[in-house]
Each structure stands twice: as C-alpha cells, then as structure tokens.
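Subject: The structure we talked about

Hello,

Here is the structure I promised to pass on, with some notes to read beside it.

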Amino acid sequence: MEKDLREILSAGLAAADPREAVLRSVRVEGNTVLVGYERFEAERVFVLAAGKAAGAMARAAEELFNERLQGGLIVTRHGHEATSKKLETIFAAHPEPDERGVEAARRVEELARSLGEGDLLLALISGGASALLADPAPPIELANLKKLTGALLRSGADIGEINAVRKHVSVLKGGGLVSLAAPARTLALLLSDVVGDDPSAIASGLTAPDPTTLEEARRVLKHYGIDPPESVAEYLKKAEETPKPGDAVFERVANVVCGSGRHAAEAAAEKASELGYEPLLLSTTITGDARPIASVYAAVIREVLESGNPLPPPCAIVSGGEATVTVRGSGTGGPNQEFALTLAVELDGVGGWAALAADTDGNDGPTDAAGGLVSGATADAIRGGGVDPEEALANNDAYRALEAGGAMLVTGPTGTNVNDLRVALVSGEGQVEPP
C-alpha cells in the first residue's frame, strides 16, 4: 500500500502542474490574449509571477508570449526552482516574511506604477505569495509584520481569517496591486491553494476586490487572543478600507482560477481506481484543525474494516482542503504531519490500512517534509525509535515522532501548491485487533 500511495500522490501532483495550468487557460493571437470569454488587447506584456509555483507558471508565459514579453519579476520561495531569460527572480522566505520579501514587494510596486494604459500585467499567482511579498503598510515595520504573521499561524485561524488581517496591514494585498497598476489591464491566472477557490482569498487577493473589512480584521485578532504589535494596532485604528466589489478599478481586471486542489484530488481518486481501489472522494473543501479531521478518517477506516461501509475494501478515501494546527506545545511539525500522527495513534495496532497526508508544495508548515505516510504499525515503530507518539502529539512534535518511526513523507519542492491531499487505502488484509 505504501508503493500505491506514492503513485497516487504523484498522479495528484501531476494534475496540478502549474505550467500546464497556464498553457491550457490562455491562447494568444497576435496582440489579442484570449482567456475563456475574456479578450485582452495589448502591445506590451509584463509578468509578475509570485508564489511557490511561480517558476513553472513564468516558463509557460514565456512560451506563450515569446518576444512580446517585455519583462517582469518572479518572486518565489528559497529553494524553489525558477529560471528565466527575461524575468528577474527574487527568492524570499515563507511562511514568515524576510527582508528579501520586503525588497520583492518594493520592486513589484515599482513595476505596477510603471505600467501605462496600453499595457497588460499578467499576474501569475500561486499559494505563498502573501508571505513572499512582504508589504507592510507604513509605518509598520517588517519585525512587527513577522510577529503578527507568526501569531496568526500559531493561533489555529483559517487562511481566510489570516488573510483578512494581512490585507488590512498591506500595500499590495486586498486589491492593492491592481490599484497601483491602473490604468493598465490586469489578467490574473490563479493557482488556488484555498478552499472554495475564491480569488479574493488566494494569496490575500492581490488582484481581487476585498469583501472583508477592517472591523473583521480586528475581530479575528480579538477572537484568537492575539495582541498585535503597537504599530499594527495603531494602523488598524485609522487605516483606509481596501477596494471593495464594484470599485471601478476592477473593470479592467480578470481573475481566472487555472488550477486547484480539486484537480489533484480527482486525479488521485482516478489513480487509486486504476490500482484496484474503489475510490471515495469525501470532499475537496475540508478545513479546520488537523486532529479532528484525522479522527473522522480513523472512524471511517474502522467502519470500512468492520462493516464494509461506505465501501468494502479494497478502497481509497480521498480528500483535499486546508488543515490547520492549534499550537499547544513547543514541538515541530505541520498540519499534515499532525494529521498523520493522530491517525497513527488512534489506529495503533489496527492492520489493513495505510494513509498519507501531504502539503502539495512539498513543505508542511515550517519543515522540510511534505507530511507523513502511516499505518497501524507506525505508532509502535515510533516507540521503537525512542519517542512516545502520544506525548509527541500533545507537544505538537509530529516531525520528530514521524522521523523516529520512519514515517516522514519527503518530496522536496514540487513546483505546485494546491492545498493538502489526504489518501487512506484500506485493503482489509492482515487486519488485527489493536493492543
């Protein structure tokens, strides 16, 4: 089953290939750019590719536009591949911003302000762009933005709540990019890493109207007990609202979702079927704390093993979405590692199943692992490696536990980013009662 899980993961990642997503979405005929029913006339084309998939998306743009591409920027994470003859590349930090991210945001502002009415800004946006473009609104400094971002990431807030705050302390986010680029036209191709694929939520809505408000941003901080740095608190008291739906600046903007987690999950289900497992695609919109999500998976696996419902084995239970971690301890890990460890603990000693949970970009939380690959034997293997799996889970130390049990899932940077992918295979073979 481990071999099958790795093949299924590969199929899911291939379906979310950023280069292919751009190429299948855009057609170029002379000075006309066609995207669905949208037509753009532009003599000059400039590119901003930002996010973990920026390199691959930028390569597709170079193939499409050739000599008409005037220049632009690629902003991606340290360690991610990005090569270009015409576009300058800036590597910055994720998930917490750094000075290179500040420089990247400044250069993006310069690019946007330089555009004229006959120009087209091709914005190629993928997950991670929010943190990579570190654009704190003056007088907020980077140190305070990092403190705020870290507190939000540790709070258990979902991506929508985090972005509601980010948009209101930023220059480019929440539609700020297109405000600066006007009167040029903007075509944004979005590789979605958010549940529901809402353009205003992808990368904090660089090119989309912002439906959230300053009051909502304040409520998020209050709800999660986050005491923001003084400069942030003062700014939120007097900041101007972000541009909203219906604002005239968006009349010259088109936002197109060219790839998402649904593509990855559906491809994973299809591959599982090819390998002989009856697939059940639970949902591609699962959000919330990783532990209760894993508990639901554990309950479904038990039901399959005990009653053959909702599907008899061999079957595959597939889902996508965006899990979070509520940090209670001092350990290291990420949502997918926490999911995997929880599942291993809850089904300790139960045979006949195996599962993986992976962040499709290859980096789960602030770690070098994509997630975990576990079975009923994993918890015992963790103990054999000198770590108590229950204690590790209580301390949010999934990384150390999975590493000790040989259950770490490491892919390296994948070049894409479309949320989490979870797959459990249930064969029913070798089933035993838990100790």
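A term to start with: a residue is called buried when its relative accessible area is under 20%, exposed when that is over 50%, and partly exposed in between, with a 1.4 Å probe and protein chains only. Please keep in mind that this is a predicted model, in which local features need pLDDT of at least 70 and side-chain atom pairs count only at pLDDT 80 or more, while totals for chains, interfaces and linings use all residues. Residues are numbered from 1 along each chain as its sequence is written, and side-chain values use heavy atoms, with hydrogens and water left out.

Asn66 shows the term in use: its relative accessibility is 47%, so Asn66 counts as partly exposed. Asn66 sits in the loop between helix 3 and strand 5, and has a positive phi of about 50 degrees although it is not a glycine. Helices here (H or I, at least four residues) and strands (E, at least two) are DSSP runs, numbered from the N terminus.

Asp197 is another non-glycine with a positive phi, of about 60 degrees. Asp197 belongs to the loop between strand 8 (185-191) and helix 9 (214-223), and is partly exposed because its relative accessible area is 26%.

There are also cis peptide bonds to look at. The bond from His94 to Pro95 is cis, with omega near 10 degrees, and Pro95 lies in the loop between strand 6 and helix 4. Asn309 and Pro310 are joined by a cis bond with omega of about 0 degrees; Pro310 is in the loop between helix 12 and strand 11.

**Two helices**

The expected span is 1.5 Å times one less than the number of residues. Helix 3 is mostly covered, with 10 of its 12 residues buried; among them are Met57, Glu62, Leu64 and Phe65.

Helix 4 (residues 99-114) has 16 residues and should span 22 Å; its end C-alpha atoms are 23 Å apart, which agrees. Its buried residues are Gly101, Ala104, Ala105, Val108, Glu109, Leu111 and Ala112. They cover an arc of only 165 degrees around the axis, so they lie on the same side of helix 4. That arc is taken from the directions from the helix axis to the C-beta atoms. Glu99 and Arg113, on the other side of helix 4, are exposed. The buried residues of helix 4 pack against elements including strand 4 (44-50), strand 5 (69-77) and helix 8 (176-181).

An open sheet is formed by 6 strands in the order 10-11-15-12-13-14, with mixed pairing. Strand 10 (278-289) and strand 14 (408-409) stand at the edges with a single partner strand each, so one side of each has no neighbour in the sheet. Two strands count as paired if DSSP finds at least two bridges between them.

Strands 10 and 11 (residues 315-324) run parallel and are joined by 9 bridges. Strand 12 pairs with strand 15 (residues 420-426) in the antiparallel sense over 7 bridges, with Ala354 as the bridge partner of Leu425. Strand 12 also runs antiparallel to strand 13 (residues 371-375), with 5 bridges; there Ala358 stands opposite Gly371.

How many residues of strand 12 (residues 353-359) are buried? The count is 7 of the 7, so strand 12 is largely enclosed by the rest of the structure.

**An aromatic pair**

Searching the whole structure gives 1 aromatic pair. The ring centres of Tyr297 and Phe339 are 5.2 Å apart and their planes are at 85 degrees, so the pair is edge-to-face. Rings of Phe, Tyr and Trp (its six-membered ring) pair if their centres lie within 6.5 Å; planes under 30 degrees apart count as stacked, over 60 as edge-to-face and the rest as tilted. Tyr297 is in helix 12 (residues 290-307) and Phe339 in helix 13 (residues 335-346), so the pair ties together parts 42 residues apart in sequence. Both Tyr297 and Phe339 are buried.

Best wishes

Technical notes:
Contact = heavy atoms within 4.5 Å.
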